[in-house]
Amino acid sequence: MLDSLGLVSKQVGVLFVLMVVGFLCNRRKLLNAIAIKGITELLVLIVTPCVIVHSFIQQKFAVSLLGDLGWALAVSVFAHVVGAAIAFLCLHDRNPNRGGVLRFAAIFSNAGFMGIPLEYALLGADGVFFGAMYVVVFNLVCWSLGVAVMCRGMKNVGLRALFVNAGTVGVALGLPFFLFSLKLPEVLGRPVEMLADLNTPLAMIMVGWYLAETDFRPVLRCGAAYGVAALRLVAVPLVVIAALVGVRVCVPTLNPVMAVAISTAAAAPTAALTTVIAARYDKDVSTATSLVSGTTLLSILTMPPIVGFALWLFVH
């Protein structure tokens with residue numbers, strides 16, 4: 001257990017150092033808001049799909065892996081459903097512009113920008129292969145149930161954003177390579193691999209930059225925000241790990257890498273998209289930004305024991 005904790009702590013520490021670089025880039029004015037917006041677009045539109053495609057290309061087709069992907073998909077759906085149920089039961093706020101933000105922040109994890117880098121560091125391309133399923137479910141649920149939670153209704157749900165996003169595009173492009181054991185020619189495969197390698201440093205620098213911009217006072221004054229942090233960083237990932245243990249009892253051959261990858265995605269802090277959607281629908285942006293940044297900082301303490309526990313439980 002201590003070995004697993006040490007391994008995860010080391011990898012989270014690496015991510016934290018990269019965040020510090022982003023923080024310093026903000027403080028020293030090396031990157032401005034326009035540059036960070038460009039980096040974010042690069043990550044969402046190009047780098048994340050390349051990460052997913054590259055992970056699928058690395059996998060040799062096996063029927064058993066299809067079953068593992070199915071379990072990854074099912075547990076990812078379960079994670080979001082459970083997160084939504086707990087959020088609605090436990091989080092209440094009289095302010096209509098803040099209540100939806102609090103619930104959204106508890107349900108959705110930063111599975112792309114925080115989950116994928118850690119999955120890759122701990123598990124390699126195999127981890128990203130399964131973690132991609134969580135990202136797909138995240139995007140589908142985020143732009144449907146998530147928007148409905150934020151806006152208290154389905155009228156603002158857009159079908160284009162629901163089906164055309166980094167996760168779904170990446171899987172749509174990568175899945176045929178896995179199913180038919182295809183390989184890209186080197187002149188294309190190497191650029192995809194090199195772009196995929198940009199994901200961790202760019203994502204962490206972006207997170208660190210936004211941390212330097214955050215005013216934590218609004219969230220510190222909001223009692224429910226502490227409940228959001230507890231649900232997002234502790235309760236939901238532990239329920240997901242418990243569900244995976246239950247699945248393993250029924251399916252002893254359950255892929256341990258898949259279990260750790262999904263546990264890692266579920267343990268990630270509040271999704272960066274929380275701020276984007278809050279701004280888009282005129283909700284409490286300051287609370288959204290504070291929750292994203294605050295849970296990101298706290299995740300440096302919570303992810304090592306939780307992900308380390310999952311690593312020890314399923315792999316060792």
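Reader: Which residues touch the most other members in the largest nonpolar core?

Author: A nonpolar core is a set of buried Ala, Val, Leu, Ile, Met, Phe, Trp, Tyr and Cys residues joined through side-chain atoms within 4.5 Å, where buried means under 20% relative accessible area with a 1.4 Å probe, protein chains only. Here the largest one has 63 residues, and Leu43, Phe56, Phe130, Val240, Leu244 and Ile262 touch the most other members. Helix α13 (residues 256-267) gives the most to this core, nine residues; helices are DSSP runs (H or I, at least four residues) numbered from the N terminus. Keep in mind that this is a predicted model, where local features need pLDDT of at least 70, side-chain atom pairs count only at pLDDT 80 or more, and totals for chains, interfaces and linings use all residues. Residues are numbered from 1 along each chain as its sequence is written, and side-chain values use heavy atoms, leaving out hydrogens and water.

Reader: At what angle do α4 and α15 pack?

Author: Axes are lines fitted to C-alpha atoms, for helices over the stretch in contact, and angles run from 0 to 180 degrees between N-to-C directions. Helix α4 (residues 96-107) meets helix α15 (residues 285-314) at about 20 degrees, with axes 9 Å apart. Angles under 35 degrees count as roughly parallel, over 145 as roughly antiparallel, 65 to 115 as roughly perpendicular and the rest as oblique, so α4 and α15 are roughly parallel to each other.

Reader: And how is α5 placed against α15, at what angle?

Author: Helix α5 (residues 111-123) packs against α15 at about 45 degrees, with axes 13 Å apart. That makes α5 oblique to α15.

Terms used: Buried < 20%, exposed > 50% of the residue type's maximum accessible area, 1.4 Å probe, protein only. Helix = DSSP H or I, 4+ residues; strand = E, 2+ residues; numbered from the N terminus.
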